[in-house]
Amino acid sequence: MTVDTLMTNKKSWDEAAPRFFGRNPLPEYGPLAPREDELNLFGDVSQLKVLEMGCGSGHSLQYLQQRHAGELWGIDLSSVQIETAKTLLSQANPQAKLFESPMELDPGLPHDYFDIVFSVFAIGWTTNLEKTLANVHRYLKQGGTFIFSWEHPLYNRIKNTEGVMTIEKSYLEEGPYVHEAWSQPAIMQQYKVSSYLNALINAGFQIEKVVEDVCKPDEIQEHHVNGWYSLEKAKVVPTTMIIKCKKPVEAGTFYPG
Ligand SMILES: C[S@@+](CC[C@H](N)C(=O)[O-])C[C@H]1O[C@@H](n2cnc3c(N)ncnc32)[C@H](O)[C@@H]1O
C-alpha cells in the first residue's frame, strides 16, 4: 500500500466530494453503461447485509435501502464523503455503519458476514488490488456475491480527436497514473481486464458475469456525457466494465443462506 498515494487521493477526494454528490450511483454502474434495472445483478436484496467499498456520498447504499436491504455498511477513504453519506443515510437508516478507511485496510469489519459486497466506480483507486480483494473475500459469507464496476481499462488508452480514435498508450502497461481529467493530483491504477479477472480468481472468487456493453441510445442521459465520457468514443470502446462473482461455498459446509 502506498501511503503517499492514499494521502494525495484523500486530499483530492475531500475537495472533489461536492462535485461527485450523487454522480452515477446505483442503479447506474457508470457513465453510458447498462443499469442495474436492466442487468439485475443484485437480485432481491430484502433483508440482506450489504457493504460498499468506496461508498462516496452514500447514494448507492440509499438505493439498496429503498430496495429493503437489511444492513447498510460502507467504507471510503475520504472523511468528507463519509460525513456526506452519514447525513444522507441518517434519516432513513440511522443504523447504517460507515467507516473512513482505505479499502486496502480492514477497519475491523466483520468477517464471513455480508451477503453482498459491491463497489461502483471506486475499485480502480485501490493501491493494492490483491489486498482489497482479499478483504472483500474475507468480509463475504460463503456463497456471498461481489459486484463491482470500474472504468473499462481500454477507455483511457484510446484518444478521440474529432472522431479519430488513436491508441494513446499501451494497453499492456499497468500501474499507477495521474488522471489527466482531474484538476487536483489524483492517482489511479491501471490493470488489464485479464489482471482483474486473474486477481479475482487468485483471491478465491468464481466469476459469474462480465459486462462490457454500452447503454442503449434511448437510455442516454445528459449528465452521462462530459469532456471525458463522450458518445462518439463510447460507440467504439466501452466506458465501463462490470463484474459479478461469488465466494464459493466450501465443500461439506452446511450453509442455510
Ligand atoms: C467515483 S466515487 C464512487 C462513489 C460511490 N460508489 C457512488 O456510487 O456514488 C469513488 C470513491 O472512492 C473513494 N476512494 C478512493 N480511493 C479509495 C481507497 N483507496 N479506499 C476507499 N475508498 C477510496 C473516493 O473517496 C470516492 O468516494
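**View 1. Met-103 and the ligand.** In this predicted model, a polar backbone atom of Met-103 lies 2.8 Å from a nitrogen atom of the ligand, a polar contact being a pair of N or O atoms within 3.5 Å. Taken alone, the ligand exposes 600 Å², of which the protein buries 96%; accessible areas follow the Shrake-Rupley method with a 1.4 Å probe.

**View 2. Side chains of Glu-52 and Gln-81 at the ligand.** A nitrogen atom of the ligand is 2.7 Å from a polar side-chain atom of Glu-52. In the side chain of Gln-81, an N or O atom is 2.9 Å from an oxygen atom of the ligand.

**View 3. The shell around the ligand.** The ligand is surrounded by 20 residues, each with a heavy atom within 4 Å of it. Among the closest are Ser-60 and Asp-76. The shell comprises eleven nonpolar, six polar and three charged residues; Ala, Val, Leu, Ile, Met, Phe, Trp, Tyr, Cys and Pro count as nonpolar, Asp, Glu, Lys and Arg as charged, and the others, Gly among them, as polar.

**View 4. Lining of the largest cavity.** The lining includes Trp-150, His-152, Tyr-177 and Gln-190. Five lining residues are nonpolar, four are polar and one is charged. Strand S5 (140-151) and strand S9 (187-190) each supply at least two of the lining residues; strands are DSSP runs (E, at least two residues), numbered from the N terminus.

**Notes on the model.** Residues are numbered from 1 along each chain as its sequence is written. Local features need pLDDT of at least 70 and side-chain atom pairs 80 or more, whereas totals for chains, interfaces and linings use all residues, and side-chain values use heavy atoms, without hydrogens and water.

Definitions and conventions: On a 1 Å grid over the protein atoms alone, a cavity is a set of points where a 1.4 Å probe fits but cannot get out, and a pocket is an open set with protein on both sides within 12 Å along at least five of seven lines; lining residues have an atom within 4 Å of a point. Helices (H or I, at least four residues) and strands (E, at least two) are DSSP runs, numbered from the N terminus. A polar contact is a pair of N or O atoms within 3.5 Å; within protein, one must be able to donate a hydrogen and the other to accept it, and residues adjacent in sequence count only if both atoms are side-chain atoms.
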